[in-house]
Each structure stands twice: as structure tokens, then as C-alpha cells.
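Here is a friendly briefing to read beside the model. Please keep the sequence and the structure in view as you go.

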Amino acid sequence: MHFISTILLLATSCDAFAPSTRLTSKSSTVLFASEEWIPLVTDDSSEASPVKKLVLEEGNGELPTDGSSVEIEYTGTLVGEKDWSAQDVADCWLSQLQGLDHLKAEFIQNNIDFALLSDTNVFTEEFCTTTLGISNKIQAKKLLMARNRLTKSQDEHPAGTVFDSSAERGKNFTFNLGKGAIKAIDLAVRSMRVGERASVVCRSDYGYGSEGLRSSKGDVMVPPFSTLNFELKRVC
Ligand SMILES: *[C@@H]1O[C@H](CO)[C@@H](O)[C@H](O)[C@H]1NC(C)=O
């Protein structure tokens with residue numbers, strides 16, 4: 001089973017493409033000259049899209065439709081959380097810690113991005129009680145413990161680690177749009193024509209979330225709250 005699938009049921013083959021679509025795929029692919037990250041989630045509440053895509057090579061033909069079968073080559077890499085904004089920390093990390101969701105406004109107000117969160121000189125228990133106004137000592141401790149778990153998992157699984165790839169498995173990944181792939185991949189592939197190659201970066205709530213991903217042996221492949229990068233190519 002491919003780890004990027006969320007369910008066991010995998011599609012067996014790609015949907016057939018119309019002959020006219022196939023003919024156009026003969027035209028040469030174009031490399032994009034400018035680096036332009038395309039936001040794939042547009043939501044007014046966050047300043048940056050939690051999923052973004054950079055087209056590396058253009059594809060041909062039609063965009064896939066909901067439910068259709070698609071095949072991709074992929075390489076999944078851990079990014080590390082260093083680019084989390086205060087909004088990301090509040091929306092994704094804080095809101096998924098049980099019982100700490102009410103601190104969102106304070107986090108944003110104090111601009112607690114990942115750099116600040118992981119700075120042990122600044123983000124102390126005193127900071128939590130004084131600056132964030134957490135009078136409950138247990139809650140302040142819980143916050144620090146969660147922060148420590150996050151930074152520890154970062155250290156143990158450094159940015160740049162490849163956690164899964166179709167090449168390593170010797171098998172491309174086939175799934176039906178709308179079911180079978182994690183959110184970020186589903187979202188990205190919806191915007192990809194056959195032959196397109198793209199780099200996709202996603203926040204953990206569009207990847208493996210607060211659970212992360214473990215191998216069948218129980219080894220951590222993706223730690224909780226991991227930002228991920230995927231190099232994708234839509235094969236068919
Ligand atoms: C995935 O598909 C591409 C294009 O059809 C093929 O060249 C490649 O060998 C496939 N990868 C694997 C790992 O089977």
C-alpha cells in the first residue's frame with residue numbers, strides 16, 4: 001500500500017483519454033522560466049495558502065474531473081516547520097492541541113510564528129503566563145510540553161528527509177480524485193494536466209496532520225505536524 005493513500009482501495013487503471021487529447025501530448029513540454037508559487041487554497045483568514053504549487057514542467061490535455069482515475073510519480077520530503085507564520089501556528093498547531101484553541105487570538109497578537117515558538121529563551125513558562133496571560137499553570141506547562149515535542153520531532157526528522165517515493169517503491173500511485181490521496185495531493189492533481197511536473201508544499205493539516213505517519217513496523221516516517229514537499233508528475 002502506498003502511504004500517500006488514505007484508504008486501501010486503489011484504482012486499478014487510469015481512465016482512457018480521448019485520442020485527440022493523446023495527440024496533443026506530442027507537443028514539446030515547456031519549462032517555466034519564472035518561479036511562481038500558485039496558492040491552491042484561497043481562504044481570506046490566512047495570509048499564506050496552506051498548499052501551494054510550483055509548476056516545473058507544463059502538461060497537456062484536460063484537467064482531471066472529480067472521481068476520475070489518475071496516476072502519479074511522486075517523491076515526498078520533510079520540509080521542517082520554519083516557515084510557519086503566526087496564523088499557521090494558531091490555525092494548524094494550536095487548534096489541534098486539545099483545549100488550547102482559545103489562545104489563538106493571543107498567539108496571533110503576539111506574532112508567535114515557528115521561530116518564536118521554538119526559541120527556548122523567549123517562549124518560556126513565564127512568557128506563557130505573563131505575555132499570553134495563561135493563569136492556569138497546568139495549561140502553561142501543557143503548551144510548553146507540546147512545543148518541546150514539536151521541536152524534538154523536528155530535530156529527529158530533519159528537513160530534506162525523503163519519507164516516501166514511487167521510485168523507491170518501484171510503483172507509481174493510482175487513485176481516484178476525491179478519494180484515496182491525502183488532501184494536498186488531491187488538490188494539486190486537480191490542477192495538473194498529463195505530463196505536468198510540479199513541486200507542492202503543504203501544511204500538516206493537508207498532509208498527515210497531528211498524527212503523522214508510521215510504517216507498518218511502527219517507525220515514524222512523518223512526525224506529527226509536518227510540513228511536506230511533494231515532487232509530482234501526472235503520468236495519466
Ligand atoms: C511511472 O510512470 C512513468 C511514466 O509512465 C514511468 O516512466 C515510470 O517508470 C513509472 N515509475 C515506476 C516507479 O514504475
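A residue is called buried when its relative accessible area is under 20%, exposed when that value is over 50%, and partly exposed in between, using a 1.4 Å probe and the protein chains only. The model is predicted, so local features need pLDDT of at least 70 and side-chain atom pairs count only at pLDDT 80 or more, while totals for chains, interfaces and linings use all residues. Residues are numbered from 1 along each chain as its sequence is written, and side-chain values use heavy atoms, with hydrogens and water left out.

**Overall fold**
- The protein has eight helices and nine strands, which are DSSP runs numbered from the N terminus (helices: H or I, at least four residues; strands: E, at least two).
- Of its 236 residues, 47% count as buried.
- The accessible surface of the protein is about 12300 Å², with 51% of it belonging to carbon and sulfur atoms; such areas come from the Shrake-Rupley method with a 1.4 Å probe, and for residues only the protein chains shown count as cover.
- Among contacts (heavy atoms within 4.5 Å) between residues at least 6 apart in sequence, 75% join residues at least 24 apart.

**Helix H8**
- In helix H8 (residues 183–190), the buried residues are Ala184, Ile185, Asp186, Ala188 and Val189.
- These buried residues pack against strands S2 (51–57), S3 (69–78), S5 (173–176), S6 (197–202) and S9.

**Aromatic pairs**
- The whole structure holds seven aromatic pairs; rings of Phe, Tyr and Trp (its six-membered ring) pair if their centres lie within 6.5 Å, and planes under 30 degrees apart count as stacked, over 60 as edge-to-face and the rest as tilted.
- Phenylalanine 163 and phenylalanine 230 form an edge-to-face pair, 5.9 Å centre to centre with 80° between the planes.
- Phenylalanine 163 lies in strand S4 (residues 162–165) and phenylalanine 230 in strand S9 (residues 228–234), so this pair ties together parts that are 67 residues apart in sequence.
- Phenylalanine 163 is buried at a relative accessible area of 6%, and phenylalanine 230 is buried at 0%.
- Ring pairs also link Tyr74, Phe173 and Phe175 into a cluster.

**Around the ligand**
- Glu73, Ser166, Gly170, Lys171, Asn172 and Val235 are the residues around the ligand, each with a heavy atom within 4 Å of it.
- Taken alone, the ligand exposes 360 Å², and the protein buries 49% of that.
- An N or O atom in the side chain of asparagine 172 is 2.2 Å from an oxygen atom of the ligand.

Definitions and conventions: A polar contact is a pair of N or O atoms within 3.5 Å; within protein, one must be able to donate a hydrogen and the other to accept it, and residues adjacent in sequence count only if both atoms are side-chain atoms.
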